[in-house]
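Here is a short tour of a two-chain model. Keep the structure open while reading, and find each residue as it comes up.

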Amino acid sequence: MLGTTILLSLREIRRHILRSILTTLGIIIGVAAVVTMVTLGNGVTASVQEEISSLGASNFIIFPVRTTRGTIRPFDDADVRAVSQQIAGVQLAAGSVSARTTAFYNGQDWDTSVEGGTNDLLEAQSIKIEEGRAFTADEVEAGKNVCLLGLKVREAIFPVGSSPLGAQMRLGDVSCEVIGVMEERGQGGGGSDDDDAVFMPLKTVQRRFRGNENLDYFVVKYDAAYSASVIQDSLVALLRERRLLQGEEPNDFNVIDTAQVNQALGAATGALTAMVAVIASISLLVGGIGIMNIMLVSVTERTREIGIRLAIGALAREVRLQFLTEAVVLCALGGLVGIALGFVASFGLAAAIDVPFVFDPVINLVSFLFAAGMGIVFGYYPASRASKLDPIDALRHE
Amino acid sequence: MTEAPLIQLEGITKTFGSGAAAFQALKGVDMTIERGEFVAVMGPSGSGKSTTMNILGCLDVPTGGVFRFRGVEVQKLDRDQRSLLRRRYLGFVFQGFNLLARTTALENVELPLLYRGESKSKRREAAMHALDQVGLVPWADHTPAELSGGQQQRVAIARALVTQPDVLLADEPTGNLDSERSVEIMELLRRLNAEGITILMVTHEEDMAAYAKTIVRFRDGLVERIDRGAKAAEGHPA
């Protein structure tokens, strides 16, 4: 019976195909919007999380900021050593500098950046070596001319299929030996591409590219068993002391907790998703009213049919079920079209704004069920009106 | 006959509206119809014949009186219970055919079986049998728009027959047909009656009423006269 009723509904919908499409447009758009935004939101979250994990999961990033007097006082290696030795719960601290440069190899050249750091920095930032090896203690200590390639740089100037290990390449006017290739890191902070970089010992970059012993920032990795805020407090206190900041003077540096950044970004994405959900539900509400309207029209148009069905012995609930089924089938079809549209749109947009396409079966299922549920909510009144018609009047209806 | 009559009306009244605008369509109708009868209900417009047919068809309930169908007091049943009576024991044929548009003859005939929950294969089989009874098997796949009036009415009769009802109620079945088609339909009804089905038919054409075994004449909400057997057959074309 239900199977036959569904087939009947499909036929009725096909008979009024244009009307059916126009009617379900609200639902199609609503569902497509929800699916697209949630899928894109997931993509953004995924890419942000990837970025966060590239910063390290429970890390502080400390960098100097311009004071009111307009000066910047950079940190140096002594600050890093003090932090790692004097604060309980700190597992390691590692400084970082970078500079723009051009990489040359075998007649090819590629504008990129060179980053200086130690093996500790690699560890703090969760950078893995895909091929070759990390620095030796001697290479770090002496500031040797050895380097780790980012994937983009390798692709740009090294021949495909050959190992770059052991090759002598040039960065600006510095010659260096390739000792390893870094694993893919993905998008970095501020839209930079972390794979488009060459990694060298800290001292090498300081001496050969920067000409001083300053750091751009340093990373502090802490033991997650300790309270982040306690560590942050002692960190700030120690650095203020080392920088001779008096009582009321503001900090001339910034401490960022990556865990907090993670939470903040998550909250921002959540707020955006909630906003889209509200907009989409308005669209769905309008769509639902459209469904109710068209079902009322349909009941009126088919009054005679209802009369015939009642006369030959249909029960009130059977007539109600028929019209309810029709509304649900209509909405469910709208939901399916919306999901398909949302799939295509989110796939395209994800590529356009360069975030991963993360298919979420839950949101697809939920929006489908929601659309079908709209059929029940907005189809019930027209269906129940149909079922209450008087068979004699309905048969006389012109 | 020892068992209860198929249909028994006792003092049936029906009032439409209320207060000053109230109109009493039936003023106390008594009538008994046995199994196997072919009854023509006649009378001028407003005489109460259609109201009576609606009550007999369990589509409407009387305001007063007792209507027993197979011994069951119909006026005490609710809407759905009356639907079940129609589904099981009654078949309807209307003046305007009332077929579902854009739906094939076969599907129209299958419709009542759908509400009986019959399987698809059984529906098909029974519907083809009913179409065979009205001689329309070759037209099974045609929609009402592709059929003549007479053919449409035969589809409607097949639809009424498909559930093998006890009673076939026909409301002016030839009202929209020319005389040749009308005779065709009446011959069909007479044949079905001969096969055992009870037929109640409203008509205002004496020619058509002449096919019935009994003629009930209405006037002003009351039964004026009942002509039975040979008297009803007077002037029969056959």
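Strand S6 of chain B spans residues 90-93. Leu90(B) and Phe92(B) point one way from this strand, and Gly91(B) and Val93(B) point the other way. Which of them are buried? All are. The model is a predicted one. S6(B) has a partner, strand S7 of chain B, residues 167-171. The two strands run parallel and are joined by 4 bridges. Leu90(B) has Val167(B) as its bridge partner in S7(B).

Chain A has a strand S6 too, at residues 146-149. Both of its faces are covered. Val146(A) and Leu148(A) lie on one side, Cys147(A) and Leu149(A) on the other, and all are buried. S6(A) pairs with strand S8 of chain A, residues 174-182, in the parallel sense. It also pairs with strand S9 of chain A, residues 197-201, in the antiparallel sense. The table sets out these pairings.

| Strand pair | Sense | Bridges | One bridge pair |
|---|---|---|---|
| S6(B) and S7(B) | parallel | 4 bridges | Leu90(B) and Val167(B) |
| S6(A) and S8(A) | parallel | 4 bridges | Leu149(A) and Val181(A) |
| S6(A) and S9(A) | antiparallel | 2 bridges | Leu148(A) and Phe199(A) |

**Chain B as a whole**

Chain B has 8 helices and 10 strands. Its radius of gyration is 18 Å, close to the 18 Å that the globule rule gives for 238 residues, so chain B is as compact as a globular protein of that length. Its C-alpha atoms fill a box of roughly 50 × 40 × 40 Å along the principal axes. Of its 238 residues, 47% count as buried. Take the contacts in chain B with a separation of 6 or more: 68% of them are between residues 24 or more positions apart.

One helix of chain B deserves a look. Which ones? They are Lys49(B), Thr51(B), Thr52(B), Met53(B), Asn54(B), Ile55(B) and Leu56(B). After H1(B) comes Cys58(B), which has a positive phi, near 60°.

**Where the chains touch**

How many residues does each chain bring to the contact? Chain B gives 19 residues and chain A gives 17 residues. On the chain B side, helix H2 (79-89) and helix H3 (105-114) each supply at least two residues. H2(B) gives the most to that side, with 6 residues. The chain B side divides into 9 nonpolar, 4 polar and 6 charged residues.

**Two domains in chain A**

Chain A is divided into two domains. Domain 1 takes in 2-50 + 263-396, and domain 2 takes in 74-251. How far apart are their C-alpha centres? They lie 53 Å apart.

**The nonpolar cores**

In soluble globular proteins, nonpolar side chains tend to be buried together. Here the largest nonpolar core has 116 residues. The members that touch the most others are Ala327(A), Cys331(A), Val39(B), Val41(B), Ala158(B) and Ile199(B). Ala327(A) touches several residues beyond four places away in sequence, among them Ile291(A), Met295(A), Phe378(A) and Ala383(A). A second, separate core has 47 residues, including Tyr105(A), Val153(A), Ile157(A) and Val220(A).

Start with Val153(A), in helix H6 of chain A, residues 151-157. Why does Val153(A) count as buried? Because 28 other C-beta atoms lie within 10 Å, and the cut-off is 20 or more. Leaving out residues up to four places away in sequence, Val153(A) touches Ala103(A), Trp110(A), Thr112(A), Asp196(A) and Val198(A). Trp110(A) is 43 residues from Val153(A) in sequence, with 7.2 Å between their C-alpha atoms.

Next comes Met374(A), in helix H12 of chain A, residues 361-387. Met374(A) is buried because it has 29 other C-beta atoms within 10 Å. Neighbours within four places aside, Met374(A) is in contact with Ile27(A), Leu284(A), Gly288(A), Ile291(A) and Cys331(A). What separates Met374(A) from Ile27(A)? They are 347 residues apart along the chain, and their C-alpha atoms are separated by 8.9 Å.

Conventions: Residues numbered from 1 in each chain as written. Chains lettered and ligands numbered in written order. Predicted model: local features only at pLDDT ≥ 70, side-chain atom pairs only at ≥ 80, totals over all residues. Buried ≥ 20, exposed ≤ 12 C-beta atoms within 10 Å, placed from the backbone. Contact = placed C-beta atoms within 7 Å. Rg over C-alpha atoms; globule rule 2.2 N^0.38 Å. Pairing = 2+ DSSP bridges. Nonpolar A, V, L, I, M, F, W, Y, C, P; charged D, E, K, R; others polar. Core = buried A, V, L, I, M, F, W, Y, C linked by C-beta atoms within 7 Å. Domains from an automatic or database assignment.
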